[in-house]
Structures are given as structure tokens and as C-alpha cells.
Amino acid sequence: MPGGGYSAVAIGREGFQVARWLNAQGIAAFVLDYRVAPYHYPIPIDDGRRAMRLIRARAMDFGIDPHRVGAWGFSAGGHLAASLATGCRKEDGQTPRDSVDRGDCRPDFLILAYALTSMDWPGVNRNSLADLFGPRPDPELVHRSSTQFAVSAATPPTFLFATTRDPRVRVENSVDFYRALAEAGVPAELHLFDYANHGCGLCGSIPALASWTSVLRAWLIRRSLMPASAPLVPVPTSEYPLWPVGFDGPGRRGW
């Protein structure tokens, strides 16, 4: 689930490139292109719910285990992923349109990379807040959408990565979400790098951050989500475009 501040979707750097890295290690991957501003809450979250349900409904077609479907979110896509992990279930208040909508949309594990997890504190990215909720956000809705307050024992195991001097999404987002996971007894790992960056994806072109995917790989193997025998694939060092030339979709807006 790529980021983009709910104004666009960085489907290249935080989507296709990540999917190919996973594919090379034997893991199936799906990249979500979701609706962003001028669409507002809950449209982007609904797109994530539908995607998770569709993947599980067609698991046999894809040759995957419907009980081992995770969500990996970057930046604002991390907010979307965390929203599914903390507030997505079969009975989520939506009227089912078909049999797919009757399925479960909560991921079985969660990966958050420099994620925006909270909308309800002074350091929130104001542009993302307006793009998700409109120019006059309802304070109660904003609070309900701050995912650290919705963490429970049912939240899936989570891996978090962030930089301590992130100029766009403050590191407190990751720290507060991790603290909520720990208090709820949810297995979780938080890895912070003393660096200032936002939006590097796999970060292979930044030596100080390139090792974060090695730590993630170790976590996936330890949790039996990736076999230890999976090929050791180097992280791409070339910059990948935020939006690939010739591709179209709802998240193209803003690039």
C-alpha cells in the first residue's frame, strides 16, 4: 500500500519495486492503487478493505494461503494498512455488495514503513489530514481514525521502520503505535534509524538505511512468513519513479 499523502499514490517506488523485490524471494505481492483526494474518508479505506477481501476470495486462483495475507504500508499507505489491521473485520458496518464483501479484511501481519498512523495530535501532516477528511475535518472522526487508539490484542504481529528525523511524518507515529502494540501484548518490532528521510521505499540508494530490509527479512523468516531458503535478493540501488510512465489509475493525481 504505497503512500502519497492521500493526494496521490507512489505506486512505482513504494509499490511495483517492492512487489518485485518480494517476488524475487518467492512471495506473491499485490499493489494497491486507491482513490485519493478529491475522494475523502472512508473511500481510500474502503478500497483497502475491498482489496484484502478480493485477494482472500480469489486465493485459490492465485495459489496463495488466505490465512497468510499481510499488509505493507508506506507513509499514508501505512495509515491505510494500520486502519485495516486495527478496525477491519467481517462486521464493519458496511452493507455487503456481494459475497466478496462478506469476507475478512484484517491482515494476518503488518509492515509499516515511515507510516502515518495518527491523525489526532499537533504534529500531524496537515496536508494529509485535509486530503483524507476535507477542509473541515470532524474532530471525532479524526480521533477514531488515529490507529494507535484502536490497537487491541487482535491486531496482527507488526514490524515498524522509521527514521528519527523524518521531515514529513514524525517518528512519534511509529513510536506511539509500537507502544500501543506492546501494551496490548501484540508481537512487534520497531527499528529506528538516526537519519532524516521520507519516501525512499526500500532505500537501497541510501547506505545508512539500506539495511532495513535485511532486518525485515529476518523478521519474516523468524515468523515463518518467508522460508529461510528464500533467495537473498539485493535491494535495488537505483531510484525508482514515484509513478511509472505509461501507467494510469486513480492514484496518478498529483505526480
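## Chain fold and helix H2

Of the chain's contacts (heavy atoms within 4.5 Å) between residues at least 6 apart in sequence, 75% link residues at least 24 apart. Keep in mind that this is a predicted model: local features need pLDDT of at least 70, side-chain atom pairs count only at pLDDT 80 or more, and totals for chains, interfaces and linings use all residues. Numbering runs from 1 along each chain as its sequence is written, and side-chain values use heavy atoms, with hydrogens and water left out.

**Overall fold**
- You'll find 8 helices and 4 strands in the chain, where helices (H or I, at least four residues) and strands (E, at least two) are DSSP runs numbered from the N terminus.
- In sequence order, the pattern goes α-α-α-β-α-β-α-α-β-α-β-α.
- Along the principal axes, the C-alpha atoms fill a box of roughly 45 × 45 × 40 Å.

**Burial**
- Some 51% of the chain's 255 residues are buried, meaning under 20% relative accessible area with a 1.4 Å probe, counting protein chains only.

**Helix H2**
- Helix H2 covers residues 43–57, so 15 residues, and spans 21 Å from first C-alpha to last, close to the 21 Å expected at 1.5 Å a residue; that expected span is 1.5 Å times one less than the number of residues.
- Because 11 of its 15 residues are buried, H2 is largely enclosed by the rest of the structure.
- Among those buried residues of H2 are Ile45, Met52 and Ile55, along with Asp46, Asp47 and Arg49.
- Their cover includes helix H3 (59–62), helix H4 (76–87) and helix H5 (126–133).

Key
Buried means under 20% relative accessible area, exposed over 50%, partly exposed in between (1.4 Å probe, protein chains only).
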